[in-house]
Amino acid sequence: MLSEDQNGTDTDSAKDNEDVTSNEEVKNMDEDDKPVVQSSAQDKRKEGRSTKQRKGTTANVSERQRDKKSEEDQERRKEDRVVKQKETANDLERQRGENVEDQAAKRKGAANFLERQRGENVEDQTAKRQENADVSERQREDNPEDQPVEKMLPAVKSRTERPQRPRRRERNKPADSLNPVMEKRIEKVVAEPRRQNPVQAGSDSCSGRYIYIHNLPRKFNQDLLENCRSLSFWTDMCECASNLGLGARLSNDEKLYSNSGWFATNQFLLEVIFHNRMKQYKCLTKDPLVASAIYVPYYAGLDVGRYLWDPDGFMRDYDALNLVKWLASRPEWKRMWGRDHFLVAGRINWDFRRDPKNESDWGNELLNFDESRNMTMLVLESSPWNYNDFAIPYPTYFHPSRDDAVFQWQNKMRRLKRRFLFSFAGARRPGRHESIRNELIEQCLASRRRCRFLECDKTQKCHKPANVMRLFQNSIFCLQPPGDSYTRRSIFDSIIAGCIPVFFHPGSAYVQYIWHFPRDYNKYSVMIPESDVKTGKANIERILTRVSRDRRVAMKDEIIKMIPKVIYADPSSRLGEIEDAFDLT
């Protein structure tokens, strides 16, 4: 039994040795075979370690295989993407080629269609022009005296094209101080033609002259006259507004006037006088589509005059803003966006051009509104820096109702013998250093009997028409310096008295009343630069004495010829052959 046990043990040991040897061979094939005989406990430990080693080796082999397979998959995917991109690019290229061919074919077809259409339109237009020419030729044969009339309106520039208006402190500065005579440009555009019957247009004396009057709400005109007490703090505007805006009649006790046609007219009632004259206009129409111009009877001067001394600019702008809103909503406005509209304001333009940044500044913003920039504005004094406002004469005291009254007055002014070489009616300007009035008054007083001075002080001598007309009728030359603005009513009072005006600034007349005064200012006036007066270089008496007698006579005749052009006839009547300031405007 001991022999068998020993043999069995030897057999097991031999097997273990074989296993260990095989494991070590797997672990390290380069090691030499070493016969080892250990105990069974050691053999077990070795067997456990060998099992772990075999597992670790197997895991490493599997990891390397997976990495290799992943790399192969990535390569295949890259190759697939490259193939797909090439296929997509080929497809797009084929599509582009097809689209280019389609577009070329479409463009060619459209060009052929337009070419055919142009040919048809040219043929139609040629036929229409020939037909219109035939009709016009037949009309000329029937009415050889008729000529086509084009209505011209002043162009209005956009806000970016307009020159910037000067600040209030620069408003009395000439636009071009180097050029003593500066003509205000009148840019013109042809108005949109009105639809008219060709046969009727040929026999209609008002063709191209029709005017439509807007029927404004009463608050813009009539209500102002009914509330005349509120129009001024110092003047009875109710009396001034009587007789259709002419004022009270003047008596001829001193034989200074004609027996009729003379009124105590206030200069700010121009818009009322003009409106009443418009009511008598012979070419009025109730159809705005026929009208060549549209009149807006808004009493802008009377409206703003109520609030000129009010620091609140809101009230000064209130009615003016409501007016332009009302106009812009009307179908008559939308036809030409107001470019065929005109408005008369009985004040100078600066009363309607307040600085938008300074609400407490003088006047309102009527002429600054975009709608107003499209309209033609007729004012007592225009701005040399703007192209849509035009100056028309101040109203005088003379409003004749017959042509004979004008002719008789002209003859009377020719026969008058004048006592003074020159005269001046006005007030001093002690607070304005740039004013030359003080210098003119001193020279007039120093001339003794050759100059007569009528001082417009608190006694209000200048507000009495008899004092003014008496002075001007006895003077050969009348000094007309700038006052609160370039122009003054005295210019027109002196003209109807046959007195030659003496100007000191081109803005007083030469760039203002371009429709009513002769273009050659030397024919009717004398110009003395105000800078020469201010520096003492100009002696008024010496300059006027050097004017030859022949030239004085010629200038006086020219002034007397201008009288009809600067007066407004009585609205209750109508002159015959004479064209007054209203007709010229």
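**Disulfides and burial**

Author: C444 is buried, at a relative accessible area of 1%. This is a predicted model, in which local features need pLDDT of at least 70, side-chain atom pairs count only at pLDDT 80 or more, and totals for chains, interfaces and linings use all residues. Residues are numbered from 1 along each chain as its sequence is written, and side-chain values use heavy atoms, with hydrogens and water left out.

Reader: Why is C444 called buried?

Author: Buried means under 20% relative accessible area, exposed over 50%, and partly exposed in between (1.4 Å probe, protein chains only). C444 has 1%, so the residue is buried.

Reader: What makes C444 and C451 a disulfide?

Author: A disulfide is a pair of cysteine sulfur atoms within 2.5 Å. The sulfur atoms of C444 and C451 are 1.9 Å apart, so the pair qualifies. The torsion about their S-S bond is about -100°, so this disulfide is left-handed. C451 is buried too, at 6%.

Reader: Is C456 buried, partly exposed or exposed, and why?

Author: C456 has 25% relative accessibility, so the residue counts as partly exposed. C456 is joined by a disulfide to C462, S to S 1.6 Å, and C462, at 16%, counts as buried.

Reader: How many disulfides does a search of the whole structure find?

Author: The search finds five.
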